[in-house]
Amino acid sequence: MDARKHSALKDSIRSIPDYPKPGIVFRDITTLLSDPRSFRRAVDSLVHPYAGGRIDQVAGIEARGFILGGAVAHQLSSGFVPIRKKGKLPHTKVSLAYALEYGTDEIEIHVDAIKPGDKVLLVDDLIATGGTATAAVNLLRQLGAEVVAACFVIDLPEIGGAQKLRDLGVPVRTLMEFEGH
């Protein structure tokens with residue numbers, strides 16, 4: 001993506017200071033999603049490295065990963081698999097608990113959503129600590145998936161989540177970086 005297009009895409013992200021708590025700058029992609037040109041550019045940029053290759057499933061992390069992941073899956077002619085918070089899936093599922101800054105959380109996937117050997121692309125809007133994304137990779141691998149890569153619109157590199165995924169052997173693609181938390 002050329003510098004002008006990259007700048008326009010980055011400018012489409014709304015930054016909300018002190019949300020959800022003081023000292024945090026929330027990076028809101030709803031402004032990107034509501035702008036047709038920015039939304040298209042983001043999806044095309046996420047898809048580009050994988051177009052023409054074999055991606056069996058795109059897994060999106062609740063909730064903004066559903067929006068982006070569904071669009072990416074459509075462009076790749078792949079299936080889409082939701083990774084949900086605990087208690088949201090109606091069928092037999094596999095779950096994985098993971099640590100948060102304060103406490104734990106749990107994500108789930110339907111037990112039949114992934115077949116062993118499926119090539120899966122993981123998609124979400126933002127990578128910060130990497131806790132949810134790392135849990136998602138581990139959950140997908142538990143079902144026999146080959147996680148081809150993890151893609152995010154935004155990386156907060158100072159927090160280190162993308163590096164955690166790379167340390168697991170998962171290539172990471174991000175479209176932009178923001179400083180801070």
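Trainee: Does Ser77 count as buried or exposed, and why?
Mentor: Ser77 counts as exposed because its relative accessibility is 71%. Exposed means over 50% relative accessible area, buried means under 20%, and partly exposed is in between, with a 1.4 Å probe and protein chains only. This is a predicted model, where local features need pLDDT of at least 70, side-chain atom pairs count only at pLDDT 80 or more, and totals for chains, interfaces and linings use all residues. Residues are numbered from 1 along each chain as its sequence is written, and side-chain values use heavy atoms, with hydrogens and water left out.

Trainee: Where is Ser77?
Mentor: Ser77 sits in the loop between α4 and β4. Its phi is near 55°, a positive value in a residue other than glycine. The element names come from DSSP runs numbered from the N terminus: helices are H or I with at least four residues, strands are E with at least two.

Trainee: OK, α4 then. How many residues does it have, and how far does it reach?
Mentor: Helix α4 covers residues 64-76, so 13 residues, and reaches 18 Å from its first C-alpha to its last, close to the expected 18 Å. The expected span is 1.5 Å times one less than the number of residues.

Trainee: Which residues of α4 are buried?
Mentor: Gly65, Leu68, Gly69, Val72, Ala73 and Leu76. They cover an arc of only 135° around the axis, which puts them on the same side of α4. That arc is taken from the directions from the helix axis to the C-beta atoms.

Trainee: And what covers them?
Mentor: The cover includes α2 (30-34), α3 (36-47), β3 (57-61), β4 (79-85), β7 (119-127) and β8 (146-155).

Trainee: New topic. Where does Ile29 lie, and what is it in contact with?
Mentor: Ile29 lies in the loop between β2 (25-28) and α2. At 1% relative accessibility, Ile29 counts as buried. Neighbours within four places in sequence aside, Ile29 is in contact (heavy atoms within 4.5 Å) with Ile13, Arg64, Leu68, Asp125 and Ile154.

Trainee: Which peptide bonds are cis?
Mentor: Among them are Tyr19 to Pro20, with omega near 5°, and Glu62 to Ala63, with omega near 0°. Pro20 is in the loop between β1 (14-17) and β2, and Ala63 is in the loop between β3 and α4.

Trainee: Last one: which residues touch the most other members of the largest nonpolar core?
Mentor: Ile83, Ile109, Ile114, Leu122, Leu140 and Leu165, out of 28 residues in that core. A nonpolar core is a set of buried Ala, Val, Leu, Ile, Met, Phe, Trp, Tyr and Cys residues joined through side-chain atoms within 4.5 Å.
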